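The sequence and structure are shown first.

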Amino acid sequence: MPELPEVETVRLGLLPFMVGKTIEGVEQRRADLRFPLPKDFAARLTGRRIEAMDRRAKYILARLDEGEVLVMHLGMTGRFTVDEANGAAVTPGVFAHPGTEGARHEHIVFHLKDGAAIRYADARRFGYMALVPESEMAEHPLFKGLGLEPLGDDFTPQALASVLAGAKTPLKAALLDQRRIAGLGNIYVCEALYAARLSPVRLARTIVTKDGRPTERCVRLCEAIKQVLTDAIAAGGSSLRDYAHADGSLGRFQYSFKVYGREGKPCPGDDCQGVVKRLVQSGRSTFYCPSCQR
DNA sequence: AAGAACTCCTGTTGGC
DNA sequence: TGCCAACAGGAGTTCT
């Protein structure tokens, strides 16, 4: 569920509570999430100090002293809440659920030495955590095949062209493929394609020249991806099912959706009379305007 | 070997 | 109101 902007929002929210802190203990309430949790997970974390928290694609990376990295992926329903040392509860991100709803699926709690607790709940358990030595990150299966970082300096029209060149798959599927670009999900692919006025059905290779150079469409798409993600992060990400409970810590970008979830509504384009259409591509909903996205 | 379909799991929603 | 199918922000595995 969380895509890059939501993961980034969660990371920023956790940052002040976790960086520089030492883990006093870990409650692990089940052996696995999507995958088995690391062997001796709690023991290996206990006593470690969190030196930094970074993000790669949709992964949050907590860099620990002694050289390991705690890798966290939220899957579809992963969410963190923080019990502050002073007893207040904070939700650093966009996935707050009111009341006690989340407690049933609370699988992991990190207790910090300063008294704070970082709680991880995940109803569907598509999230996962791993412990990877810093030196093995680049070669680790989770990261080895990961594609371009869309907000990185090296995400250029040429770089985008190079990962789309020759791809016979529709643009929608290509942009969801984390081996090409890492961090986009269903919402932001739809929104970026709309912003670039490109059809999700168009074959990816058709925005790359025969010799692998970006076409004007590819340049537009590159810009659109960066813009949509940047705007979404600035808005604190998107909160869908829980947006009605907005309390200031929830994302606001859902109010800026142009096409996502807007089937049957008029295209928001200034001089477009089109209607937003929904179709299914590789089992996922795609929303787009057939009139102005070509 | 690329690309699409299936799969994991639980909760919510919309249509009858 | 109740029931149930469809669907949900992801992505690894298995098929074709």
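In the count of charges used here, Lys and Arg are positive and Asp and Glu negative, while His and the chain ends are left out. Each charge is placed at NZ of Lys, CZ of Arg, CG of Asp or CD of Glu. By this count, chain A carries 41 positive and 35 negative side chains, and 9 Å separates the centres of the two sets. The model is a predicted one, in which local features need pLDDT of at least 70 and side-chain atom pairs count only at pLDDT 80 or more, whereas totals for chains, interfaces and linings use all residues. Residues are numbered from 1 along each chain as its sequence is written, chains are lettered from A and ligands numbered from 1 in the order in which they are written, and side-chain values use heavy atoms, without hydrogens and water.

Seven helices and 11 strands make up the secondary structure elements of chain A; these are DSSP runs numbered from the N terminus, helices being H or I of at least four residues and strands E of at least two. The radius of gyration, taken over C-alpha atoms, is compared with a globule rule of 2.2 Å times the number of residues to the power 0.38. Chain A has a radius of 20 Å, close to the 19 Å that the rule gives for 294 residues, and is therefore as compact as a globular protein of that length. Its C-alpha trace spans about 55 × 40 × 30 Å along the principal axes.

Of the 294 residues in chain A, 52% are buried, that is, under 20% relative accessible area with a 1.4 Å probe, protein chains only. In soluble globular proteins, nonpolar side chains tend to be buried together. A nonpolar core is here a set of buried Ala, Val, Leu, Ile, Met, Phe, Trp, Tyr and Cys residues joined through side-chain atoms within 4.5 Å. The largest has 45 residues, and those with the most contacts inside it are Leu160, Leu164, Leu221 and Ile225. Helices α4 (157-164), α5 (171-176), α6 (186-195) and α7 (216-234) each supply at least two of its residues, with the largest share, eight residues, coming from α7.

Leaving aside residues up to four places away in sequence, Leu160 touches Leu148, Phe155, Ile181, Cys218, Leu221 and Cys222, contact meaning heavy atoms within 4.5 Å. A second, separate core of 29 residues includes Phe41, Leu64, Leu70 and Met129.

Met18 belongs to helix α1 (residues 4-18) and is buried, with a relative accessible area of 1%.

How values were computed: Buried < 20%, exposed > 50% of the residue type's maximum accessible area, 1.4 Å probe, protein only.
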